[in-house]
Amino acid sequence: MISPDNPFAVPSELPYELPPFDRISEEHYRPAFEAGLAEHTTEIERIAGEQAEPTFDNTIAALERAGALLDRVSGTFFNLVGSDATEEIQAIQAELAPRLAAHSDAIHLDPRLFARIDALHRRRGELGLAPEELRLLERRHTDFRRAGAGLPDAEQEKLRALNEQLSSLQTRFAQNLLRDTNELAVVLDDAAELAGLDEGAVAAAASVAAERGLDGKYVLTLTLPTAQAALESLENRAVRERVFTASVSRGNRDNEFDNKAVVTEIVRLRAERAALLGYPNHASYVIEDETAKTLDAASGLLERLAPAAVANANVEAAELQRHLEADVPGATLQAWDWAFYAEKVRRERYDVDTAALRPYFELDRVLQDGVFFAANRLYGLTFTERHDLPKYRDEVRIFEVFDADGSGLGLFLMDYYARDSKRGGAWMNNFVDQSRLLGKRTVVVNVLNVSKPPAGEPTLLSLDQVRTSFHEFGHALHSLLSGVEFPAFSGTNVPRDFVEYPSQVNEMWLMWPEVLANYAKHHVTGEPLPAAQVAKLKDAEQYGEGFATTEYLAAALLDLAWHRIGPGDRVDDVQRFETEALEKAGVALASIPPRYRTTYFNHVFASGYSAGYYSYIWSEVLDADTVQWFTENSGLKRENGDHFRSTLLGRGGSVDPMAAFEAFRGRAPEIEPLLTRRGLGNG
C-alpha cells in the first residue's frame with residue numbers, strides 16, 4: 001500500500017492532472033513505483049485470469065485502463081530523468097530500469113494474456129469493432145508477437161534476461177554521457193579567448209563559470225551534437241579546436257564514463273535478441289514495424305542521397321579551404337574550422353551575419369508572437385500563461401492551451417534553459433497523454449538547452465534555436481491536437497519514422513512572411529528585421545546543405561551499420577568499426593564528422609531511435625511534400641490547418657500513418673520536393 005500522503009497515491013487534482021511538483025520529492029518515487037508495479041501486476045492478473053470469454057472490453061480496453069498509478073509516477077519521473085536528473089534520481093533510474101523491463105516482459109510473455117488477445121485477433125472480422133478498436137486489437141497482437149509471445153519457455157527466459165541487461169546498459173550509457181559532457185565543458189581564463197562571441201554569449205559563459213564556483217573564468221558547455229554553436233563565431237583557432245575535441249571525446253576517454261564497452265555490449269545483446277525473435281539483425285526487427293518496413297528501403301534512401309550530398313560538401317570544403325589559407329597560409333581545413341569559415345562565406349556572399357540576427361530573436365517574442373501566433377492562425381489555438389501552477393524548476397513556464405471554441409486542450413510547459421542536471425539536445429515529452437477512454441487531456445513539455453543570460457538580461461536566440469523552438473512545438477501540437485479514444489494512439493504514439501514529420505512541417509512557419517514579421521523585432525528598438533535581411537536569409541537558405549546533409553547521413557548510416565550486426569559478429573574496436581562503416585558508406589570526410597559519433601549517440605544507444613535515426617530524412621520526404629502543399633494552398637490559413645489537423649495531426653496512431661498522409665495530401669508522397677530543398681538534383 002502506498003501512503004495517502006504520497007502525491008502519486010491518487011490522480012492529481014490540478015488542472016489536466018498536472019503533477020503536483022510542489023509536493024513531490026525524491027523520497028516519493030520508490031514507494032510510488034513499488035505500489036504502481038504491484039497494482040499493475042494485480043490488474044494484469046485479473047485480465048489474464050478472467051474466466052469469461054475474451055471480449056474487446058474485458059481484454060484490450062482493460063489493458064488500456066490498467067496501470068494508472070504506474071503511469072502517473074513514470075510520467076513525472078522519466079521526464080525529470082532527462083531534464084533535472086539529480087544523483088538520487090539517477091540512482092533510482094539505475095535500480096528501476098531492469099525491474100521495469102522485467103515487468104513489461106511479465107505482461108507480454110504471459111501465455112494466458114496472449115491467448116486472449118490471439119483469440120480476439122483470429123475473430124476480429126466478426127466482432128463488429130469500430131475502426132480505432134480494430135486497429136488497437138491489431139496493434140496489441142503485433143506488440144505481443146514482437147515481444148516474444150509464443151516463444152518456447154526457454155527462449156522466453158533468455159529474452160527476459162536480454163531485456164533486463166539492455167535496460168541497464170542503456171541507462172548507463174545515458175548517465176555516462178551526461179557526466180562526461182559536464183566534465184568536458186571548456187574552461188577559459190581570459191575573455192579575449194572568446195573573441196567573436198557576442199556580449200550575451202560571453203556573459204552566459206561567465207555566468208555558468210560562476211555557478212560552478214569558477215569566478216573570473218568562462219565556461220563553454222557542450223550541446224548534444226558534434227557541432228557546437230560557438231564554433232561559428234570563435235576567432236581563436238586553438239579555442240575552436242579545444243571545443244571540438246571536447247565534443248568528440250565524450251564517452252571515449254577510457255575513464256569511468258567511457259561508453260565503448262557499453263556500446264559493444266548493447267549491440268551484441270540487441271543482435272542476440274533479434275535472432276531469438278526470428279530476425280537477421282536488430283535493424284530488420286525495428287524497421288519491420290515502421291513505415292519503411294524493410295532495412296533495404298530505409299538504407300536505400302540514405303544511399304541514394306549520399307553521393308550528391310558528399311559532392312556538394314566537397315565543393316563547399318574547397319571554398320572554405322581557400323578562405324582558411326588566406327588567414328593561415330599552409331593550413332588544412334579541419335572539422336573545427338568548418339562552421340567558422342562557412343559563416344564567413346555566408347556573410348560575404350549573402351551578407352548574412354547569423355550572430356547579428358540574435359537581437360531580433362528574443363525568446364518570449366519568438367514564443368508568443370511566432371510559435372503561438374502561427375498555431376493561432378492555423379488551428380485557432382490561444383495560450384494563457386498560468387503563474388498559479390507548480391513547476392519542477394523556477395524557470396519552467398506553463399501555458400494553458402485553448403481550442404478555437406474556448407475549450408481547454410491541455411497544458412504546455414516550456415523548459416528552455418541549459419543546466420548540468422539536463423541532458424543535451426532538445427525534445428518534447430508528455431506528462432499526461434490525451435485519451436477519451438480515460439477522460440484525459442494533454443500535458444506536454446518542450447525542453448531545449450539555451451544558455452541562460454545573467455539576471456535582467458534578455459534571452460536572445462540563434463536562428464537554429466528559433467528553428468528548434470518551432471520544431472519541438474510541432475511535436476507538442478501533435479499531442480495537444482490529439483483526439484483519440486485510446487492512450488496507446490495518443491499524439492506522437494506513431495511509428496518512429498513518422499513522428500518527426502509533423503514537427504518538421506511546423507518549422508516552415510519560422511520564415512513565413514506573416515509570422516516572421518510578427519516576431520522578428522529588435523528587442524530594444526522594436527524595429528522589424530529589415531526586409532533586405534530577410535531576402536538575404538532566403539537567398540542563403542540552401543547554402544551549406546552539402547555539409548548538413550552529409551553530417552546527418554553519416555550518423556544515420558552509422559546507426560544502421562551498428563544495427564546490421566548479426567548475433568555471430570564481434571566488434572573489438574569501436575573506433576575502427578565506426579571509421580570502416582563511414583568509409584564503406586562513402587561518407588567518411590575528415591572535416592565533416594557524423595552529427596553524432598558512436599560514444600555519444602544518445603538517440604540510438606539510450607533513447608528510442610535505435611536503427612531509426614534514418615527517420616528524420618524519411619519524415620522529411622513527407623515534410624517537404626507537405627510544405628509544397630501548404631505553399632500551393634496559400635499557406636497560413638485556418639482551413640489549411642483544420643485540414644491537416646482533421647486528416648493527420650488529430651488522428652495520432654489511430655490510423656495507418658501513410659493512409660493519413662494520403663488523406664491529407666490526396667496522393668502518395670513524392671521525393672522531388674526533398675531533393676530540391678536539399679540541393680540534390682534528381683539523383
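In this predicted model, the second largest pocket holds about 300 Å³ of space. Its lining is formed by Glu 303, Leu 557, Ala 561, Arg 564, Ile 565, Asp 569, Arg 570, Val 571, Phe 577, Ala 581, Lys 584 and Ala 585, and the elements that contribute two or more residues to this lining are α20 (545-563) and α21 (574-585). The largest share, four residues, is supplied by α21. By residue class, the lining of this pocket divides into seven nonpolar and five charged residues, with no polar ones.

The largest cavity contains about 60 Å³ of space, and it is lined by Leu 378, Tyr 379, Gly 474, Leu 477, Pro 502, Val 505, Asn 506, Trp 509, Phe 644 and Leu 649. Two or more lining residues come from each of α15 (363-379), α16 (463-480) and α17 (496-506), with α17 giving the largest share, three residues. The lining of the largest cavity comprises eight nonpolar and two polar residues, and no charged residue is found there.

The table sets out the volume and the leading element for each site.

| Site | Volume | Largest share of lining |
|---|---|---|
| Second largest pocket | about 300 Å³ | α21, four residues |
| Largest cavity | about 60 Å³ | α17, three residues |

Taken by residue class, charged residues number five in the lining of the second largest pocket, whereas the lining of the largest cavity has no charged residues.

Methods:
Residues are numbered from 1 along each chain as its sequence is written. This is a predicted model: local features need pLDDT of at least 70, side-chain atom pairs count only at pLDDT 80 or more; totals for chains, interfaces and linings use all residues. Side-chain values use heavy atoms; hydrogens and water are left out. On a 1 Å grid over the protein atoms alone, a cavity is a set of points where a 1.4 Å probe fits but cannot get out, and a pocket is an open set with protein on both sides within 12 Å along at least five of seven lines; lining residues have an atom within 4 Å of a point. Grid points are joined across faces, edges and corners, and a volume is the space filled by probe spheres set on the points. Ala, Val, Leu, Ile, Met, Phe, Trp, Tyr, Cys and Pro count as nonpolar, Asp, Glu, Lys and Arg as charged, and the others, Gly among them, as polar.
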